[in-house]
Amino acid sequence: MMMRLLRLGLCFLAVFFSSYGYSETKMPSTAFFYATKPPVDLLATYKRVVLEAENTSAEELAYLKKRGVKVYAYLSIGEEDSTRPWFKKIQASWKKTENKAWNSAVMDMTSQGWHDFLLNQRMKALWKRGYRGFFLDTMDSFNLFAKTPEERTRQQEGMVKLLKSMKSQYKGVGLLFNRGFEILEQAASLADGVVAESLYHRWNAEKKAYTDVSEGDREWLIGKLNEAKDKYNLPVVSIDYLPPSRRDEAEKAAKKITEHGFVPWISTPALDYMGVGSISLVPRKVLFLFDSYDQKLASHEIHRFLAMPLEYLGYVPDYRNISEKGLPEEILKGQYAGIVIWLGKEKPDRDEILGTWALRQINQNIPIAFMGGYTLAGHQALSERLGISYQQTELVMPLDMEVLSENMGFEIKPQLRTFDLPLIKKKDDKESWLQIIDQEDQVLTPVFISSWGGVAVDPYVTQMVPTLIEYEAYTRWVLNPFEFLKAALKLKKIPVPDHTTESGNRILTIHIDGDGFYNKTELGGDRYSAKLISDEFFVPNSLPHTVSIIEGEIGKAGLKPDLSPELEDIAREIFKLPNVEIASHSFSHPFDWVLAHETRNDKPADTNNKAKKEVFKAEKGSYHLPIPNYTYSAEREIKGSIDYINKVLAPKGKTTKVFLWTGDCLPNEEALMWTKKMNVVNLNGGDSVMRKGMESVTNVSASGIVRGKYFQPYAQIQNENVYTNDWLGPYYGFQRVIETFDMTNLPRRFKPISIYYHFYSGDRLASVRALRRVYDWAMAQETQPLWISEYTQRLDAFRSVVYEKLDNGWRFHGAEDLTTFRLEDQSLHPDFILSEGVSGYRKLPQGLFVSLERNQATVELNLTDKNNQYPYLKNANARVMQWDIKKVNTRSRVVEFRLKGHQPLEFSLMGLHKKCKVTTHSGVKISGKKQKDGGTLFKMTAKDTGNLRATCGY
């Protein structure tokens, strides 16, 4: 639905230019988005957002309001579109004429009936939905019929009367005017600001073309806008129109508009695009397209292999199976940093549609990487645009292979093949990484980089190889995925929101699945394994543990009702421990969540298929523990088990915080929905098992997976079941997880230290000894121990934080749960005077890790190469609760801070010289020990520093 002027269409975003003298007070950033699926994470960075209410859900509106955004609903007051569902309620007496160009009725602003309809129906309905501001469009439409000064005056008076009624009837309502220059003298006090369009670039609806605004038109509009700004002290928003492919021009136009003192927004005439304005947002999402009717996302290469390298670079994969959901119809420029299309070898059914869609994205300057098997090179228009084609003639043997980039042979060297070759030819202006040449100098290029993106096709992407120990096949990268993604998608080098490190130390989590709770240990004493694990590992140290039970194993409604009283007592004692966080591991321990769901009914879906009936009969109930008279229910597994724990096992004041997935750890969307309803975090799944003999980073999983509307965080390192060959032995095998901890730390830190095991690790002497070695190794490291509920907040923050580029750094929005950024470039470090929410940094081989203060919705990181003159945190085993520079003068530097953790505190401060001291809030001096790197190490028996002060004289 296209509407005149700003009754147009879709999304609005803005871009901040810090060097322009931009002021959020006088020039509040403003965004417009009229389409469905508003990108609320990006829009939430703006002070004001205008939405088309009919295309916005209650959840989307609530999200923006929670983030402190002033939201305005679009409301046309001078015309009404005939396509609107309420148009039939418009009475003929309210209308004055028609606007045939926009298929709308032009309204009489003196009509009380029209006023009442707007006030008591349109505004009332929107107010009830939660809108407290209205963007008033078509305020000058009366000029289409009011030709005399007297008639125009009557219309203006009627409009002012309507505006006053709005302010009177809806207390505190905000009104944003579209133009309305004629009534500003009478109504400026009623407005939150004025919006106008086409200062430098306009859309010519008749010619269907973007054109430049004439000097005369621009000067007239500047005069009107300056009058609104200077005479009436109103913020002014100026909207220009340019296509996504001309984004560079849009940024220049936004700069010029800002220099006039106006808030800029450059978008399409339909406002259906994440345009350019007063905040320079850097998109972090990358669209991952794959095409599969039967292969689920969790097992697809694009998720198993490519997602983790993309996340390591600081970007977020956004998956779409085009077999299920088709292709995105919205404009992606401004929302996505790039696109990866990973297809199999077979030509997809929608080859022509997909090729045309990909061509449109490339023409809008969105980089695309084609990976996997099929590259769409058969699509003629796309191939011409990309400068590639299929080899049409027979290759003349023998063949030669030229490796032209150091990024080939990342984990295994490319091998020349004479069959299953990728028949891709390219023009010579591309950067080739690998070429295959026949005896007649015909050249195939399976891997190359171009100005529009890149291509990498099998068998030169990954390759299956046998393992050295397990004798099973696994995959290695032929190309360097990190460098290919950076080069093909033209990814900006950004600070990475890091979920492996906090306060300069590597994060440590420990979580236990409930399996084997009632097993008897072979270590003697007739103890249950759960009791042994508690006595040997939970009680002796203060490390935080997230511990779960399976209700069906220990509860009265489960498999062992006769043992239930004894088992429940052990669980109660475990959950009382101060270093234990309570988790559920379900009611019946589903082994396959999807099949358990699909076979839960009494009858199979196809009741006429006898063979299917027999299979159903055999399978029904086999996908979870054989609990008598139980039929699978996601509600019973999650809500029921959590309610049981909270009512029967949890001590007073303590409730279940986590749900740990069971079996294949592949829940459907319904199951994830129940964890959301129960307000618990969820975890498990993934397949991070990188170790000797399986050294590939393909064995390091992504941070999690999206299922419908919900995110499932993965266990960051796999459990002892994997390291002991499905608990068949060797039972000491879990000690090899230390190899995984080492290999996921250097040369790149991919994962935290995650000790993840089951209660059945208490069954055997060998497994207990292995567990002790793992604990001892972890406790010897510099770590930041966290509960799982705390850690998953870091994963959520990684996905949701929004980036704004500044002249000398970055501003991050929605950063409350963010704790660390990793910078690849160590030549710069934080400027603590200009930064906000930054407490310190630590240089490590893996990068420069910047520590953040807790619960800062907005963090500003400005970088410098100059020496810091303030004490700062190098590392700690605790969270930074407060970090404030309190005094700035030539003779002293004062920092007030507070740290809080799960263990007796150890922290190191840099920048403390002879004239510095650290004291408590009452003035008691705390002594530390100098370290070789210049830091000062402090140790405390407390887990909370309280308020401390570092004072340095100069």
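Where is Pro-747 placed? In the loop between helix H21 (737-743) and strand E36 (753-758). Some notes on this predicted model follow.

1. **Cis peptide bonds.** Two sites deserve a look. The bond from Leu-746 to Pro-747 is cis, and its omega is near 0 degrees. A cis bond also joins Met-397 and Pro-398, where omega is about -5 degrees. Pro-398 sits in the loop between strand E19 (388-390) and strand E20 (400-403). Most peptide bonds are trans, and most residues other than glycine have a negative phi.

2. **Positive phi at Lys-37.** Lys-37 is not glycine, yet its phi is positive, near 55 degrees. Lys-37 belongs to the loop between E1 and helix H1 (40-43). Is Lys-37 buried or exposed? Lys-37 has a relative accessible area of 55%, so it is exposed.

3. **Positive phi at Asn-855.** Here too a residue other than glycine has a positive phi, with a value near 60 degrees. Asn-855 is in the loop between strand E43 (847-852) and strand E44 (858-864). Its relative accessible area is 40%, so Asn-855 counts as partly exposed.

4. **Helices H18 and H19.** Two packed helices are described by the angle between their axes and the distance between the axes. For helix H18 (residues 634-649) and helix H19 (residues 669-677), the axes come within 9 Å and cross at roughly 20 degrees. H18 is therefore roughly parallel to H19, since angles under 35 degrees count as such. The crossing of H18 past H19 is right-handed. On the H18 side, Ala-634, Glu-635, Ile-638 and Lys-639 make the contact. On the H19 side, Glu-670, Ala-671, Trp-674 and Thr-675 do. By class, this contact of H18 with H19 has 4 nonpolar, 1 polar and 3 charged residues.

5. **Helices H15 and H18.** Helix H15 (residues 564-576) also packs with H18, at an angle of about 85 degrees and with the axes 10 Å apart. That angle makes H15 roughly perpendicular to H18. Which residues make the contact? H15 supplies Glu-568, Ala-571, Arg-572 and Phe-575. H18 supplies Tyr-644, Ile-645, Val-648 and Leu-649. The contact of H15 with H18 divides into 6 nonpolar, no polar and 2 charged residues.

6. **Thr-30.** Thr-30 is in strand E1 (residues 30-33). Thr-30 has 0% relative accessibility, so it counts as buried. Its side chain reaches the backbone oxygen of Pro-28 at 2.9 Å.

7. **Met-464.** Met-464 is in strand E25 (residues 462-466). With a relative accessible area of 53%, Met-464 is exposed; the cut-off is over 50%. How many residues apart in sequence are Met-464 and Pro-85? They are 379 residues apart in sequence, and 58 Å apart in space, C-alpha to C-alpha.

8. **Asn-947.** Asn-947 is in the loop between strand E52 (936-939) and strand E53 (948-953). Its relative accessible area is 44%, so Asn-947 is partly exposed. What does Asn-947 touch, not counting residues up to four places away in sequence? Asn-947 touches Gln-882, Phe-897, Arg-898, Thr-919, Thr-920 and His-921. Asn-947 and Arg-48 are 899 residues apart in sequence and 37 Å apart in space, C-alpha to C-alpha.

Key: Residues are numbered from 1 along each chain as its sequence is written. This is a predicted model: local features need pLDDT of at least 70, side-chain atom pairs count only at pLDDT 80 or more; totals for chains, interfaces and linings use all residues. Side-chain values use heavy atoms; hydrogens and water are left out. Axes are lines fitted to C-alpha atoms, for helices over the stretch in contact, and angles run from 0 to 180 degrees between N-to-C directions. Helices (H or I, at least four residues) and strands (E, at least two) are DSSP runs, numbered from the N terminus. Angles under 35 degrees count as roughly parallel, over 145 as roughly antiparallel, 65 to 115 as roughly perpendicular and the rest as oblique. A crossing is left-handed if the near helix is turned anticlockwise from the far one by less than a right angle, and right-handed if clockwise. Contact means heavy atoms within 4.5 Å. Ala, Val, Leu, Ile, Met, Phe, Trp, Tyr, Cys and Pro count as nonpolar, Asp, Glu, Lys and Arg as charged, and the others, Gly among them, as polar. Buried means under 20% relative accessible area, exposed over 50%, partly exposed in between (1.4 Å probe, protein chains only). A polar contact is a pair of N or O atoms within 3.5 Å; within protein, one must be able to donate a hydrogen and the other to accept it, and residues adjacent in sequence count only if both atoms are side-chain atoms.
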